[in-house]
Structure formats: structure tokens, C-alpha cells
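Please look over the model shown below. The questions that follow go through it piece by piece, and each answer ends on what was asked for.

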Amino acid sequence: MKKFFTFLFIAALGAGGFAYYFYQQKTEKTTTDKSIAVFTSKDLLTEFNANEAGANKKYGDQTITLEGTVFNTTVSDNNILIELEGNDALESVICNFDITSLPIEKIPKIGESIKIKGKFIAFTIEPLMETKTISMVQCLII
Amino acid sequence: MIGIKNLKLAVLSGIALMFLFAFSNKKSDNSDKWLTKTGKITFKSTADEEIITAVSNQAGLVFSQTSGNIVVSIPIKSFIFEKKLMQTHFNENYMESGKYPNATFSGIINKIGTINFGKDTTYDVSCTGQLTMHGQTKPLVIKGTIKISKNANALINCNFDVKLADYKIDRPKLMLKKIAENINITLESDCSKFAKK
């Protein structure tokens, strides 16, 4: 009986520790998944323009590699946003970098060509101007 | 008689051309628009037992300085939480971001004509519109400020509360002390005047 309660106590302690570990786990700063496709930012936008539902299904929450020209950069608290050019002034890809994966001194310059890996999360068409935006998170420059 | 017919034809052709011109330019004329694709939205839930915050830097905001029309859209999955489990629960259990990927506010900036976009000044403004989130659309009035600066920037700040029940976002009984009934939303958007590349 004593053995049983000892086992129960250890099991409960283990389960509690396991639950605590999962609860305290931090959100990933960069994706560690393998990239499933390589595109230019313009080609990816072209694919979404041609078949939004199909592209969403294909790339939703997936890690992809993108090559593109830097159009704009923004530093916001612990995040750096790099905007890659689309096919016209209304289109772009926004890539979110945590400051620990892209120090401020290493932010690429506007007009520079870069290659990034990140997780695709959304394609949005805003109705007032019809701007088109692809949103990426957990990015890193490769 | 032929003269009158020709005159009618000329007038009708003129009207048709005016319509054609107006509609063909409707989409491409964005010279009065201001926008950002990197607006910051913070949400804060202050409950008895826990304070939860998340931030997104990927809010798209567009407004027209002539009509006052404004649209803010944000991909739900762009909200970043400190804890991974909270982010997963937020997307899967509460916001159902796979089914409802964006939250959108669409409305009008009241009395936009009183704003001088050529002068460094901060204006108190209010917006009347509708917020669509989690598949539900509700009317919303938001108060905030627009700070105009000479280098063609418009900094928009606002703060408002949303009631989760209004958007059919359920709080399980076990979480009533951990997730607040009303969530505080803060928006900071540094908009630039649209310029074609």
C-alpha cells in the first residue's frame, strides 16, 4: 500500500512538472521547421492573386523561404518588420523578426535583396485601397 | 433637325465619357490615402488571477483624408504572446483563427475636414464604424488622436474595450478568473501618405 501511494505521489509530481513545463514554454522567436518551398516575394503574391483559397491551404502555417527586395523597415519594441516588394505599390510581404534574431545594426537597407525563412500566417486584401499583404512571423535572414 | 440630333448625341457621348472616366479612375486614385501595414495593436486582459497581454505589429490601416473612410485589418495569428500555450489556446479555442483569420474595423473618421494635414498638430478624433471579429459584426465608436507631422506622417493612437461575449468568444467556467470579460485594445499606427513606387 505504501509503495502504491509513493508511486502515485511520484506520478502526480511528474505530471505536475510536465504540465508546468508546457505552461511556461515560451513562444518561438524563429521557426525551426524545414522550409517547404522557395519563392520570390512577387511570385508568392502572384500565386495568391491567382488562387487565394488554394494557396492558403498549401502554405497556411507552413515555413517557406522568400527572396525579395526590401521596400521598408520598421522597428517596433522587440520586433523588426521588413517589408518586401510586391508586383505593384499596393502589394507587399511583411516579415516579422524578433530583435534577438535580427539585431538593429544588421537590419538590411531599403533596396537590398535578401533571402528569409519564416512562417506564413495570412494573406489579406484590405477593401479601401485593395492593398494586398502577406504576413510572415518567426522570420530569420538566411 | 440634324443639328439637334448631333447635339443630343454629343451630350450623351460626353456623359458616357464622364462616367467611364470616373469609374476607370475610381480604383487607381489613391492620392488622398494614408496607410501603414505595420501598425501596432496590443490587447490586455486584466482578470482577478492573471494579466495577459499580446502584441501584433502587422495591423494594416488605411484612411482617406477627403472622405474620412478608415479600415483597419489585422491577421489574428500575428498576435504574439509570451507563452506558447496561451498563443495556441488564443488561436484555436477562443478566436478560431483558422476559421476567422482577420479582425476588421471599417468606419469613418468624424469631422475629418477639420484636420489640417499640412500642419504639425495633434487632433482629438472619433471614429464610428463596425468591428468584425470571430465572425460577428458590432457597431463601435472609438476615440483617439491623430498627430500630423510635416514629413507626411500621421500617428494614430486609440484605446478602447471590447466585450468578448459580444463577439461570441466564450470563456470556460474554469477560466473566468483568468480571462477578463472586457479586453482592452490599444492601437498605435504611424501612417504615411500613399506614394506610387
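Q: Is Lys147(B) buried, partly exposed or exposed?
A: Lys147(B) belongs to strand 7 of chain B, where helices (H or I, at least four residues) and strands (E, at least two) are DSSP runs numbered from the N terminus. A residue is buried if 20 or more other C-beta atoms, placed from the backbone, lie within 10 Å of its own, exposed if 12 or fewer, and partly exposed in between. Because 14 other C-beta atoms lie within 10 Å of Lys147(B), the residue is partly exposed.

Q: Which residues does Lys147(B) touch, not counting residues up to four places away in sequence?
A: This is a predicted model, in which local features need pLDDT of at least 70, side-chain atom pairs count only at pLDDT 80 or more, and totals for chains, interfaces and linings use all residues. Residues are numbered from 1 along each chain as its sequence is written, while chains are lettered from A and ligands numbered from 1 in the order in which they are written. Two residues are in contact if their C-beta atoms, placed from the backbone, lie within 7 Å. With residues up to four places away in sequence left out, Lys147(B) touches Thr122(B) and Leu155(B).

Q: Which pattern does chain B follow when read along the sequence?
A: The secondary structure of chain B comes to two helices and nine strands. Read along the sequence, these elements give chain B the pattern α-β-β-β-β-α-β-β-β-β-β.

Q: Over how many bridges do strand 1 and strand 2 of chain B pair?
A: Two strands pair if DSSP finds at least two bridges between them. Strand 1 and strand 2 of chain B form a hairpin with four residues between them, and Lys33(B) has Ser64(B), in strand 2 of chain B, as its bridge partner. The two strands pair in the antiparallel sense, and the number of bridges is eleven.

Q: Which residue in strand 9 of chain B is the bridge partner of Lys40(B)?
A: Strand 1 of chain B is also joined to strand 9 of chain B, with the two running antiparallel over seven bridges. In strand 9 of chain B, the bridge partner of Lys40(B) is Glu188(B).

Q: Is Lys111(B) buried, partly exposed or exposed?
A: Lys111(B) lies in the loop between strand 5 and strand 6 of chain B, and has a positive phi of about 55° although it is not a glycine. Most residues other than glycine have a negative phi. Because 11 other C-beta atoms lie within 10 Å of Lys111(B), the residue is exposed.

Q: Which strand of chain B gives the largest share of the side that touches chain A?
A: The contact takes 28 residues from chain B and 27 residues from chain A. Strand 1, strand 2, strand 3, strand 4 and helix 2 of chain B each supply at least two residues of the side that touches chain A. The largest share of that side, five residues, comes from strand 1 of chain B.

Q: What is the radius of gyration of chain A?
A: The C-alpha trace of chain A spans about 75 × 40 × 30 Å along its principal axes. The radius of gyration is taken over C-alpha atoms, and the globule rule is 2.2 Å times the number of residues to the power 0.38. A compact globule of 142 residues would have a value near 14 Å, but chain A has 21 Å.
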